[in-house]
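Subject: A structure for you to look at

Hi there,

Here is the structure I promised to pass on. Please open it next to this email, and then read on for what I found.

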Amino acid sequence: MIKLTALNNKEFFLNCDLIEKIESTPDTVITTTTNKKYVVLEKPEVIIQRIINFKREYMLSKPEVLK
């Protein structure tokens, strides 16, 4: 899960595995695989980096992956 900020400055967590699309319109709009849309303050590049960091941390926490 990654932390994001809604337009009302409230933080929330989103399951990044459900993200289907990220658009800049000029606000950043995330569309999930369930067709739900979230408008957030973060830029797409920031969201992508958070996803990479989350997945990296997750993979490093799995000892069987390190073999």
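Let's begin with strand β4, which is mostly covered: five of its five residues are buried. Buried here means under 20% relative accessible area, while exposed means over 50% and partly exposed lies in between (1.4 Å probe, protein chains only). T28, I30 and T32 point one way from β4, V29 and T31 point the other way, and all are buried.

Before going further, a note on the source: this is a predicted model, where local features need pLDDT of at least 70, side-chain atom pairs count only at pLDDT 80 or more, and totals for chains, interfaces and linings use all residues. Residues are numbered from 1 along each chain as its sequence is written, and side-chain values use heavy atoms, with hydrogens and water left out.

Now the overall plan. Helices (H or I, at least four residues) and strands (E, at least two) are DSSP runs, numbered from the N terminus. Of the 67 residues, 27% count as buried, and the C-alpha trace spans about 45 × 25 × 20 Å along its principal axes.

Which strands sit beside β4? Three strands form an open sheet in the order β3-β4-β5, and the pairing is antiparallel. The edge strands are β3 (19-24) and β5, each of which pairs on one side only. From one strand to the next, the twist averages 20°. Two strands count as paired if DSSP finds at least two bridges between them. In general, strands of a sheet pair through backbone hydrogen bonds, either parallel or antiparallel.

On one side, β3 and β4 pair over five bridges, and a hairpin joins them through three residues. S24 stands opposite T28 in β4, and K21 has T31 as its bridge partner in β4.

α1 lies across β3, β4 and β5, running at about 150° to β3; axes are lines fitted to C-alpha atoms, for helices over the stretch in contact, and angles run from 0 to 180 degrees between N-to-C directions. Not counting residues up to four places away in sequence, I47 touches I2, L4, I22, T28, I30, V40 and E42, where contact means heavy atoms within 4.5 Å.

I47 also belongs to the largest nonpolar core, whose 11 residues include I2, L4, I30 and V40. Such a core is a set of buried Ala, Val, Leu, Ile, Met, Phe, Trp, Tyr and Cys residues joined through side-chain atoms within 4.5 Å. The elements that give two or more residues to this core are β1, β2 (11-14) and α1 (44-60).

Finally, is T5 buried or exposed? T5 lies in strand β1 (residues 2-5), and it counts as buried because its relative accessibility is 13%. The T5 side chain makes a polar contact with the side chain of E42 (2.8 Å). A polar contact is a pair of N or O atoms within 3.5 Å; within protein, one must be able to donate a hydrogen and the other to accept it, and residues adjacent in sequence count only if both atoms are side-chain atoms.

Enjoy exploring!
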